Amino acid sequence: MAAHDLASDFTDLPRSQRLKAATRATHDRLDRRIMAGDIFADRGRFARFVRVQYRFHRDIDALYAHPALDALLPDLAGRRRLDQIASDLRDLGQALPTPAQPKAEAGLPLAQALGWLYVAEGSNLGGSVLYKLAAKLGLDREFGARHLAAHPDGVARHWREFTAALDSAALDAAQERDLVAGAEAAFRSVRGHVEAEFA
Ligand code: HEM
(Lines give C-alpha, C1' and ligand atoms only; values in the text may rest on other atoms or scores of the structure.)
Protein backbone atom coordinates (compact mmCIF):
# COMPACT_ATOMS: atom_id res chain seq x y z
CA MET A 1 0.00 0.00 0.00
CA ALA A 2 1.30 3.51 -0.78
CA ALA A 3 2.10 5.75 2.19
CA HIS A 4 -0.99 7.65 3.29
CA ASP A 5 -1.08 11.30 4.17
CA LEU A 6 -1.91 10.96 7.85
CA ALA A 7 -2.65 14.65 8.08
CA SER A 8 -5.76 14.17 5.96
CA ASP A 9 -6.78 10.57 6.77
CA PHE A 10 -8.68 9.63 9.93
CA THR A 11 -7.85 13.00 11.53
CA ASP A 12 -10.05 12.39 14.57
CA LEU A 13 -8.04 9.32 15.66
CA PRO A 14 -4.84 9.21 17.73
CA ARG A 15 -1.71 8.78 15.61
CA SER A 16 -1.23 5.13 16.64
CA GLN A 17 -4.75 4.31 15.41
CA ARG A 18 -4.16 6.16 12.15
CA LEU A 19 -0.93 4.24 11.64
CA LYS A 20 -2.74 0.98 12.29
CA ALA A 21 -5.43 1.89 9.75
CA ALA A 22 -2.84 2.97 7.17
CA THR A 23 -0.95 -0.33 7.44
CA ARG A 24 -3.82 -2.74 8.16
CA ALA A 25 -4.00 -4.23 4.66
CA THR A 26 -0.23 -4.72 4.58
CA HIS A 27 -0.30 -6.41 7.99
CA ASP A 28 -3.19 -8.66 7.07
CA ARG A 29 -1.44 -9.85 3.90
CA LEU A 30 1.70 -10.60 5.91
CA ASP A 31 -0.25 -12.41 8.64
CA ARG A 32 -2.02 -14.59 6.05
CA ARG A 33 1.25 -15.32 4.24
CA ILE A 34 2.94 -16.45 7.45
CA MET A 35 0.02 -18.60 8.59
CA ALA A 36 -0.12 -20.16 5.10
CA GLY A 37 3.47 -21.25 5.82
CA ASP A 38 1.96 -23.68 8.34
CA ILE A 39 4.35 -22.57 11.06
CA PHE A 40 2.79 -24.73 13.76
CA ALA A 41 2.98 -27.98 11.79
CA ASP A 42 6.28 -28.88 13.47
CA ARG A 43 9.33 -27.24 15.04
CA GLY A 44 11.12 -27.03 11.70
CA ARG A 45 8.30 -24.94 10.20
CA PHE A 46 8.16 -22.79 13.31
CA ALA A 47 11.92 -22.22 13.07
CA ARG A 48 11.42 -20.60 9.66
CA PHE A 49 9.22 -18.01 11.32
CA VAL A 50 11.81 -17.44 14.06
CA ARG A 51 14.47 -16.97 11.37
CA VAL A 52 12.25 -14.27 9.81
CA GLN A 53 12.04 -12.60 13.22
CA TYR A 54 15.82 -12.82 13.61
CA ARG A 55 16.46 -11.21 10.24
CA PHE A 56 13.95 -8.42 10.95
CA HIS A 57 15.22 -7.69 14.45
CA ARG A 58 18.77 -7.67 13.15
CA ASP A 59 17.65 -5.09 10.56
CA ILE A 60 16.46 -2.79 13.33
CA ASP A 61 19.03 -3.51 16.00
CA ALA A 62 20.66 -0.07 15.73
CA LEU A 63 17.34 1.59 16.61
CA TYR A 64 17.56 0.41 20.22
CA ALA A 65 20.49 2.82 20.64
CA HIS A 66 18.84 5.68 18.68
CA PRO A 67 19.23 8.78 20.92
CA ALA A 68 16.02 10.56 19.84
CA LEU A 69 13.97 7.37 20.18
CA ASP A 70 15.52 6.75 23.57
CA ALA A 71 14.48 10.23 24.72
CA LEU A 72 10.90 9.61 23.55
CA LEU A 73 10.24 6.05 24.67
CA PRO A 74 10.14 4.37 28.08
CA ASP A 75 12.63 1.48 28.32
CA LEU A 76 13.84 1.47 24.71
CA ALA A 77 16.74 -0.91 25.42
CA GLY A 78 14.41 -3.27 27.32
CA ARG A 79 12.23 -3.62 24.21
CA ARG A 80 15.06 -5.22 22.22
CA ARG A 81 14.35 -8.92 21.49
CA LEU A 82 17.24 -9.96 19.22
CA ASP A 83 19.01 -11.94 21.97
CA GLN A 84 15.85 -13.89 22.90
CA ILE A 85 15.27 -14.67 19.22
CA ALA A 86 18.87 -15.92 18.87
CA SER A 87 18.33 -18.15 21.95
CA ASP A 88 15.10 -19.48 20.42
CA LEU A 89 16.98 -20.37 17.25
CA ARG A 90 19.65 -22.18 19.25
CA ASP A 91 16.93 -24.09 21.16
CA LEU A 92 15.47 -25.11 17.82
CA GLY A 93 18.86 -26.36 16.61
CA GLN A 94 19.19 -23.61 14.02
CA ALA A 95 22.32 -21.77 12.91
CA LEU A 96 21.87 -17.98 12.88
CA PRO A 97 21.01 -16.58 9.44
CA THR A 98 24.06 -15.26 7.59
CA PRO A 99 25.07 -11.67 8.38
CA ALA A 100 23.42 -8.97 6.27
CA GLN A 101 23.50 -5.21 5.95
CA PRO A 102 21.05 -3.78 8.54
CA LYS A 103 18.18 -1.86 6.91
CA ALA A 104 17.36 0.69 9.62
CA GLU A 105 20.50 2.58 10.64
CA ALA A 106 21.08 4.50 13.88
CA GLY A 107 21.03 7.75 11.87
CA LEU A 108 17.49 7.20 10.55
CA PRO A 109 15.30 10.31 11.10
CA LEU A 110 13.14 9.98 14.22
CA ALA A 111 9.78 9.67 12.43
CA GLN A 112 10.97 6.87 10.16
CA ALA A 113 12.66 5.13 13.06
CA LEU A 114 9.38 5.30 15.01
CA GLY A 115 7.58 3.71 12.06
CA TRP A 116 10.01 0.78 12.02
CA LEU A 117 9.76 0.38 15.77
CA TYR A 118 5.95 0.46 15.63
CA VAL A 119 6.08 -2.68 13.47
CA ALA A 120 8.45 -4.45 15.87
CA GLU A 121 6.45 -3.46 18.96
CA GLY A 122 3.09 -4.21 17.35
CA SER A 123 4.26 -7.66 16.37
CA ASN A 124 4.25 -8.46 20.11
CA LEU A 125 0.46 -8.20 20.08
CA GLY A 126 0.07 -10.88 17.44
CA GLY A 127 3.02 -12.60 19.13
CA SER A 128 0.91 -13.33 22.19
CA VAL A 129 -1.48 -15.31 19.96
CA LEU A 130 1.47 -17.16 18.42
CA TYR A 131 2.93 -17.86 21.87
CA LYS A 132 -0.19 -19.81 22.86
CA LEU A 133 -0.08 -21.83 19.61
CA ALA A 134 3.65 -22.56 20.11
CA ALA A 135 2.74 -24.44 23.30
CA LYS A 136 1.45 -27.23 21.05
CA LEU A 137 5.04 -27.72 19.88
CA GLY A 138 6.28 -27.85 23.49
CA LEU A 139 7.78 -24.36 23.23
CA ASP A 140 7.51 -21.63 25.85
CA ARG A 141 9.31 -18.71 27.54
CA GLU A 142 12.08 -21.07 28.66
CA PHE A 143 12.66 -22.87 25.38
CA GLY A 144 12.12 -21.97 21.75
CA ALA A 145 9.45 -19.28 22.16
CA ARG A 146 11.21 -16.88 24.53
CA HIS A 147 10.84 -13.89 22.23
CA LEU A 148 7.04 -14.34 22.00
CA ALA A 149 6.49 -14.47 25.77
CA ALA A 150 4.55 -11.58 27.27
CA HIS A 151 6.47 -8.73 28.88
CA PRO A 152 6.34 -8.99 32.71
CA ASP A 153 4.23 -5.79 32.80
CA GLY A 154 1.64 -7.47 30.53
CA VAL A 155 1.40 -7.23 26.74
CA ALA A 156 -1.40 -4.65 26.72
CA ARG A 157 0.22 -2.33 29.23
CA HIS A 158 3.62 -2.51 27.53
CA TRP A 159 1.94 -1.70 24.20
CA ARG A 160 -0.03 1.23 25.68
CA GLU A 161 3.21 2.72 27.01
CA PHE A 162 4.60 2.58 23.49
CA THR A 163 1.51 4.02 21.80
CA ALA A 164 1.26 6.80 24.41
CA ALA A 165 4.78 7.89 23.46
CA LEU A 166 4.03 7.49 19.75
CA ASP A 167 0.87 9.58 20.10
CA SER A 168 2.61 12.33 22.06
CA ALA A 169 5.58 12.90 19.72
CA ALA A 170 5.53 16.31 18.04
CA LEU A 171 5.65 15.59 14.28
CA ASP A 172 5.02 17.93 11.36
CA ALA A 173 3.13 16.84 8.23
CA ALA A 174 6.27 15.63 6.45
CA GLN A 175 7.25 13.60 9.50
CA GLU A 176 3.77 12.07 9.68
CA ARG A 177 4.36 10.81 6.14
CA ASP A 178 7.84 9.57 7.12
CA LEU A 179 6.28 7.64 10.00
CA VAL A 180 3.98 5.70 7.67
CA ALA A 181 6.79 5.25 5.15
CA GLY A 182 8.99 3.82 7.93
CA ALA A 183 6.28 1.36 8.97
CA GLU A 184 5.62 0.34 5.37
CA ALA A 185 9.37 -0.16 4.79
CA ALA A 186 9.52 -2.34 7.91
CA PHE A 187 6.59 -4.47 6.74
CA ARG A 188 8.22 -4.80 3.30
CA SER A 189 11.43 -5.93 4.90
CA VAL A 190 9.61 -8.58 6.98
CA ARG A 191 7.76 -9.72 3.86
CA GLY A 192 11.06 -10.09 2.00
CA HIS A 193 12.43 -12.25 4.82
CA VAL A 194 9.28 -14.38 4.76
CA GLU A 195 9.64 -14.96 1.02
CA ALA A 196 13.30 -15.94 1.52
CA GLU A 197 12.67 -18.31 4.44
CA PHE A 198 9.48 -19.92 3.12
CA ALA A 199 10.60 -20.26 -0.51
C1 HEM B 1 6.72 -10.80 11.95
C2 HEM B 1 5.49 -10.77 11.51
C3 HEM B 1 4.46 -9.79 12.03
C4 HEM B 1 4.57 -8.44 12.19
C5 HEM B 1 5.76 -7.57 11.87
C6 HEM B 1 3.30 -7.98 12.75
C7 HEM B 1 3.00 -6.67 13.07
C8 HEM B 1 1.92 -6.27 13.81
C9 HEM B 1 1.63 -4.93 14.22
C10 HEM B 1 2.46 -3.70 13.87
C11 HEM B 1 0.52 -4.95 14.99
C12 HEM B 1 -0.10 -3.78 15.74
C13 HEM B 1 -1.37 -3.28 15.12
C14 HEM B 1 -1.89 -2.11 15.95
O15 HEM B 1 -1.45 -0.98 15.71
O16 HEM B 1 -2.68 -2.37 16.87
C17 HEM B 1 0.05 -6.33 15.04
C18 HEM B 1 -1.09 -6.77 15.70
C19 HEM B 1 -1.59 -8.02 15.56
N20 HEM B 1 -1.07 -9.05 14.83
FE21 HEM B 1 0.63 -9.01 13.79
N22 HEM B 1 2.46 -9.04 12.91
C23 HEM B 1 3.12 -10.16 12.47
C24 HEM B 1 2.64 -11.45 12.41
C25 HEM B 1 1.39 -11.81 12.81
C26 HEM B 1 0.87 -13.15 12.66
C27 HEM B 1 1.57 -14.33 12.01
C28 HEM B 1 -0.36 -13.13 13.20
C29 HEM B 1 -1.28 -14.30 13.25
C30 HEM B 1 -1.91 -14.67 14.32
C31 HEM B 1 -0.61 -11.78 13.71
C32 HEM B 1 -1.74 -11.36 14.36
C33 HEM B 1 -1.91 -10.13 14.93
C34 HEM B 1 -3.03 -9.80 15.79
C35 HEM B 1 -4.18 -10.72 16.20
C36 HEM B 1 -2.84 -8.46 16.18
C37 HEM B 1 -3.75 -7.60 17.01
C38 HEM B 1 -3.67 -7.96 18.46
C39 HEM B 1 -4.52 -7.05 19.30
O40 HEM B 1 -5.03 -6.02 18.81
O41 HEM B 1 -4.63 -7.36 20.47
N42 HEM B 1 0.48 -11.00 13.42
N43 HEM B 1 0.94 -7.10 14.32
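**Close-ups of a predicted model**

**View 1. The ligand sits in the largest pocket.** On a 1 Å grid over the protein atoms alone, a pocket is an open set of points with protein on both sides within 12 Å along at least five of seven lines; sitting in one takes more than half of the molecule's atoms within 2 Å of its grid points. This is a predicted model, where local features need pLDDT of at least 70 and side-chain atom pairs count only at pLDDT 80 or more, while totals for chains, interfaces and linings use all residues. Residues are numbered from 1 along each chain as its sequence is written, and side-chain values use heavy atoms, with hydrogens and water left out.

**View 2. H27 holds the iron spot.** H27 (NE2) is the only protein donor of the ligand's iron atom, at 2.2 Å (donors are N, O and S atoms within 2.8 Å of the metal, or 3.2 Å for Na, K and Ca). H27 belongs to helix 1 (residues 15–36), helices being DSSP runs of H or I with at least four residues.

**View 3. Helix 5 (110–134) gives the largest share of the ligand shell, seven residues.** Y118 puts a side-chain N or O atom 2.6 Å from a ligand oxygen. At G122, a backbone N or O atom lies 3.5 Å from a ligand nitrogen.

**View 4. Over at R51, in helix 2 (residues 43–59).** R51 is buried, at 18% relative accessible area (buried means under 20%, with a 1.4 Å probe and protein chains only).

Technical notes. Helices (H or I, at least four residues) and strands (E, at least two) are DSSP runs, numbered from the N terminus. Buried means under 20% relative accessible area, exposed over 50%, partly exposed in between (1.4 Å probe, protein chains only). A polar contact is a pair of N or O atoms within 3.5 Å; within protein, one must be able to donate a hydrogen and the other to accept it, and residues adjacent in sequence count only if both atoms are side-chain atoms. On a 1 Å grid over the protein atoms alone, a cavity is a set of points where a 1.4 Å probe fits but cannot get out, and a pocket is an open set with protein on both sides within 12 Å along at least five of seven lines; lining residues have an atom within 4 Å of a point.
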